[in-house]
Every structure is written in structure tokens, then in C-alpha cells.
Amino acid sequence: MEMRDILNRMLNHEELTREETRDILVGITKSEYPNEQITALLTALQMRGVTVDELLGFRDGILETGVPAILNCDRYIDVVGTGGDRKNTFNISTTACFVIAGAGYKVAKHGNYAATSTSGASNVIAQHGVRFTDDISQLNRSINEAGIVYLHAQLFAKAMKFVGPIRKALQFPTAFNLLGPIVNPSRPKCQLLGVANLDQMRLYNNVYQKIGIDYGIVNSMDGYDEISLTGDFKVTTNNYERVFRPQDLGFDIAKPEELVGGATEEEAAAIFDAVLENRALPAQKNIVLANAAFGIQVMERGQKDIHECIEIARESIDSGKALATFKKFVEINS
């Protein structure tokens, strides 16, 4: 595929097919295009806005050229945010994953080091001495014995290294910023995704419908890419679309400062520990409960009321099961 032809089509405001963007991604990994052409393509896509099929094509290429994580488990969930909300919250999604696993559900968490906050999922996991791996037997042992496995993105999405320098030089978001949540190498059948705005919610809603998985997408109306409980938030799933207030779930409104992850990785890890050990601020615990509950509802295919899911998550923390799950996970993966 000649990039010259692709770029001419972009100048004519034409859309690319899923197969075409898949082929482009594979070509990038084979160094078939100079950086200048890749830069032009990403810029044109950003100015016009990436389509669902274009995004899915890039996803297809990343999964095809990457390292697969084949898990001996049929149904499990990933909880992840798009990132980029620049709110520097503590590791809400990662903490929620261990609460979900503590409640008896299987989790395959996909994550990376922080890009815009103090601590990303990989930062807080590494703070506890966990060593990242792509060894399939080790990954399966983790999900089968601890109920949760962690997939460090850099070990799996090999294509990302080819566009890394370009993305860094461009200094603005590109289509590749949208790919993180949908390139989990284990291809989970369930996902809870936090997005920073309603445009992203619409995009991913269409993406998930085409992928054909059980999903929930959440957005706090004041710009958090997770349920922050700082105000109203919207949830869309396979089954419903609704705006909630914290009070609807029995929670008080949280203050933004109660969500901050601290100035260092150590401070972020301390909040993570405090939630699992059931000694965090009430707002911190409630925020994790809310996100974990909607993840549990996705796993239950929407058959459980959200209040019941909150109580399942609460029992995971209060009983010590979430903490025990994390300790087992660290034991297996250190």
C-alpha cells in the first residue's frame, strides 16, 4: 500500500477502511514508511477525527503484530481508563481490579507506566516488587491462583515502539492514544472503561458493539475518566445508558482533593494499600467501590442491580478478601 495514495485520500477527506489501517499498522512495523509520512497520516487523522473502523484497523494490526496472552479462562474483565484527564488521581482502576478479583471474579488488567499522572498501573504494581512478564504459564498461574493477572503493555504491543518517537515529537494526542484500552493482548470478553468526555464515550460505544463484548463505559461529567463521585456521572453499557448522582448509589459527594494520588509513586502506592487494607478515607474507599461495582455488573451481564454490586464490592474489602487477593498476586509475581 502506497502511503502517497493514502495521504492523497486523506486530503480529499476520505475515510479509510478497517483493512487499510490494519495494513498501514503492519507496514509501520516493517519500516515500510518514512517517519515524515507517518507523521502526516497521524496529523491528518487527528484533524479530521478517527473513525470507528480506522481505530479497529489499528487495533487489529497491533494485536496481530504483538505478543498474545492466551489465558485458560473463558470470562474475565479489564478495568481501565483512557488517561489524559490530567486530574492526577490515585490508582482507582487498578485498586478496583483487586476488589473485583477479591469478590471472586477473574481479572486481566492491562496497563502501563504513567503518562500524565504521578502513578500509572505499572508504577503502583512495580512499587510492590512485582516483576512484569509475558510468560504464558506464569500469567495463567496468576489468574488461576490469585484470580487476577497483570499484563504490562510494553511487553505485548510491539508496534508501539515504532511510533513512540513520532508521538513524542508531535506533542498532541493521536489515534494511538485511543488504542490503549482496546489492545489488551488477552482479548477480554468484558471491560469497564473510563473516558474523559462524552465524544470518547460515543466512539468507544460503537467500537465495543463491533468487537462484540460485554462492556460498561463511564464518564464523570466534570472531566474525570472514571467514576469520581465529585458530581454526576454517565454510564453506558450493553443494557442501558443513564446519568447517576453519587446520592443515587448511597454515596456522599467527594471533594477533588480526596482523589489526588500524591506527588510521588510512593504516596500513590500508600493510598492503594490503604484502600485494600480498609483504612482509607471514606471518599477513597467509596470511589473504588463505585468503579468496582460497575465492573461487577458488567461481569454479571447487567443481571444484578448496581446496589447489589456495590455490596459485593464492599464485602470484598471489609472481609479482607481484596487484600488477600493482592498479597497472593504479589507472592506469585515477585
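Visitor: How do the residues of the lining of the largest cavity divide into nonpolar, polar and charged?

Guide: Quick background: this is a predicted model, where local features need pLDDT of at least 70, side-chain atom pairs count only at pLDDT 80 or more, and totals for chains, interfaces and linings use all residues. Residues are numbered from 1 along each chain as its sequence is written, and side-chain values use heavy atoms, with hydrogens and water left out.

Now to your question. The lining of the largest cavity has five nonpolar, three polar and two charged residues. Here Ala, Val, Leu, Ile, Met, Phe, Trp, Tyr, Cys and Pro count as nonpolar, Asp, Glu, Lys and Arg as charged, and the others, Gly among them, as polar. A cavity is a set of points on a 1 Å grid over the protein atoms alone where a 1.4 Å probe fits but cannot get out, and lining residues have an atom within 4 Å of a point. The volume is the space filled by probe spheres set on the points, which are joined across faces, edges and corners.

Searching the whole structure turns up one cavity of 30 Å³ or more, and the largest cavity holds about 30 Å³ of space. Around it you'll find Val79, Val80, Ser93, Leu192, Leu193, Gly194, Val218, Asp225, Glu226 and Asn291. Strand 1 (77-81) and strand 4 (190-194) each give the lining at least two residues, and strand 4 has the largest share, with three. Strands are DSSP runs of E, at least two residues, numbered from the N terminus.

Technical notes: On a 1 Å grid over the protein atoms alone, a cavity is a set of points where a 1.4 Å probe fits but cannot get out, and a pocket is an open set with protein on both sides within 12 Å along at least five of seven lines; lining residues have an atom within 4 Å of a point. Helices (H or I, at least four residues) and strands (E, at least two) are DSSP runs, numbered from the N terminus.
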